[in-house]
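Good morning, and thank you for making time for this. I would like to walk you through one chain, so please have a look at it before I go on.

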Amino acid sequence: ILTAKTMEELVALCKRRGFIFQSNEIYGGLQGLYDYGPLGVELKNNLKQAWWRSMVFDRDDVEGLDASILTKPSVLKFSGHEDTFTDPLVDCKECNSRWRADQLKTPNCPSCGSSNLTDPRPFNLMFKTSVGPVEDSDSFAYLRPETAQHIFTNFKNVVDSTSKSLPFGIAQIGKAFRNEITPRNFIFRVREFEQMELEFFVIPGSDEDWHKEWVESRLAWWAEQGVPKDNLELYHVPSDELAHYSKATVDIMYKFPHGLEELEGIANRTDFDLGSHSKNQDELDINSSVMENKESNSRLAIQDQETKKWTVPYVIEPSAGVDRGVLAVLNEAYKVEDLGEGKSRTVLALRPHLSPIKAAVIPLKKNHEGLVGIASDIKKNLQKLRLGRILLENTGNIGKSYRRHDEIGTPLCITVDFETLEDDSVTIRDRDTMEQNRIKISDLPKYLENLIVK
Ligand code: ATP
């Protein structure tokens, strides 16, 4: 039997077990920022790795990139972000609180109830910082609000260095920053977050088919991370809500503990970005309303070797939030099971490839030389498989260790007991079934590999 999960339960588990902490906490915190603790960093890295594997390693038509966060204002001018990357801001004239107009459920201030609010005005979400020792108006840079722009600015570099032809993609994972008016709902809406973005460049005209294909492919990927299709909904963004660069956007919505909201957006960005960042635009066949550009020194287009014709590709962009992904994966995995007789257990039924710890090796008796020696050898050998973190847990309290590892999602516990000293076998306990079996130490690597890689 599963109990309902609330955001509070997840937040409490994350803090108690070391997944996620409030950032700057000892100085009272800073709103909209979170830190990933010892287990959170593993979970987050595993999710990012799963994305990278599926986008880059499993395909031959996608290359990776890791570009800078600080971004020259020109980039975000010609991308359209300086003009349009805004949310509508209203102030409460009574209590001075600030709100996003499109998120207000009533015409009144959610804080004090007053109806005395200002008219909405556009508030740009980009963070600025100064660059170099002199602080003047010419020496600032933006912290990127999406990872995508430097994929576009590096388009020619990647094409020239890899000889790619259409269709092909460039993938990047990294931090993005948005000065959200009202950060909230734990790691759902924060001011510093990570994105996993693919820009998939296609021949104009084939964009709508590719768009559909990427939506299906991303749904299948989320299912592999333990977020099944049945718990996701597709939202076809209406034209009056589309971002300035988009011809069509499909949002993958997930039922987060606080409600149905966007987990990933898949946009058809047309040739807007490459076209807007290109020089000599009048020589190019650009269909959409690009920004006029006299500053760029590059043509972000691809030339057909035979016809010599230049094409500015269209681009399909699946853009997923890492933090929202972590929240969805945790929410799906969190279960409280009724064991009868008034007992229950909390389990994080994470897909094993995402689990922060892959296996815990537990000597039955704390500090017992023989048992700890064997356990430590097992740990070292399993660690060599490079499947992720294997933990030697020298606590001597098996029941407590099992409970802890259920709660943090460790798929396998391996207990070294006195029988081990005689027959080289250990007890393995499965997190999901709680079944215990004995197997030979020599069979452990294959067993663990099957469990994690399956
Ligand atoms: P929202 O409408 O929820 O503000 P968005 O449409 O502005 O999101 P995109 O610009 O499409 O978001 O960004 C792509 C992805 O980046 C989102 O699907 C989300 O997973 C993630 N993301 C965007 N803003 C935030 C944020 N403030 N905190 C955490 N993740 C975010």
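This is a predicted model: local features need pLDDT of at least 70, side-chain atom pairs count only at pLDDT 80 or more; totals for chains, interfaces and linings use all residues.

Let me begin with K247, which is partly exposed because its relative accessible area is 37%, where buried means under 20%, exposed over 50% and partly exposed in between, with a 1.4 Å probe and protein chains only. Residues are numbered from 1 along each chain as its sequence is written, and side-chain values use heavy atoms, with hydrogens and water left out.

Which residue does K247 meet in a salt bridge? The partner is E208, at 2.9 Å from N to O, a salt bridge being a side-chain nitrogen of Lys or Arg within 4 Å of a carboxyl oxygen of Asp or Glu. K247 sits in the loop between β12 (232-236) and β13, whereas E208 belongs to helix α7, so the pair ties together parts that are 39 residues apart in sequence. Helices (H or I, at least four residues) and strands (E, at least two) are DSSP runs, numbered from the N terminus. E208 counts as partly exposed, because its relative accessibility is 47%.

Stepping back, the chain has 13 helices and 24 strands, and its C-alpha trace spans about 80 × 65 × 50 Å along its principal axes. Of its 454 residues, 50% count as buried, and a search of the whole structure finds 33 salt bridges.

Among these is the one between D102 and R100, whose closest N and O atoms are 3.0 Å apart. Here R100 counts as buried, because its relative accessibility is 12%, while D102, with a relative accessible area of 47%, is partly exposed. Both residues belong to a network of salt bridges that links D87, R100, D102, E180 and R189. E292 and K294 also form a salt bridge, with 3.3 Å between the closest N and O atoms, and in this pair E292 and K294 are each exposed.

A pocket here is an open set of points on a 1 Å grid over the protein atoms alone, where a 1.4 Å probe fits, with protein on both sides within 12 Å along at least five of seven lines, and lining residues have an atom within 4 Å of a point. Of the 46 residues that line the largest pocket, R100, R178, R189, D251 and E262 are the closest to its centre. Which strand supplies the largest share of this lining? That is β14, with eight residues.

The second largest pocket has about 600 Å³ of space, and its lining consists of 26 residues, with Q49, A50, R53, H353 and I452 nearest the centre. Helix α2 gives the most to this lining, namely nine residues, and α2 (38-57), α7 (207-224) and α13 (444-453) each supply at least two. We have therefore come back to α7, the helix in which E208 lies.

Finally, in helix α11 (residues 398-408), the buried residues include I398, S401, Y402 and H405, and just after α11, G409 takes a positive phi of about 85°.

Notes
Grid points are joined across faces, edges and corners, and a volume is the space filled by probe spheres set on the points.
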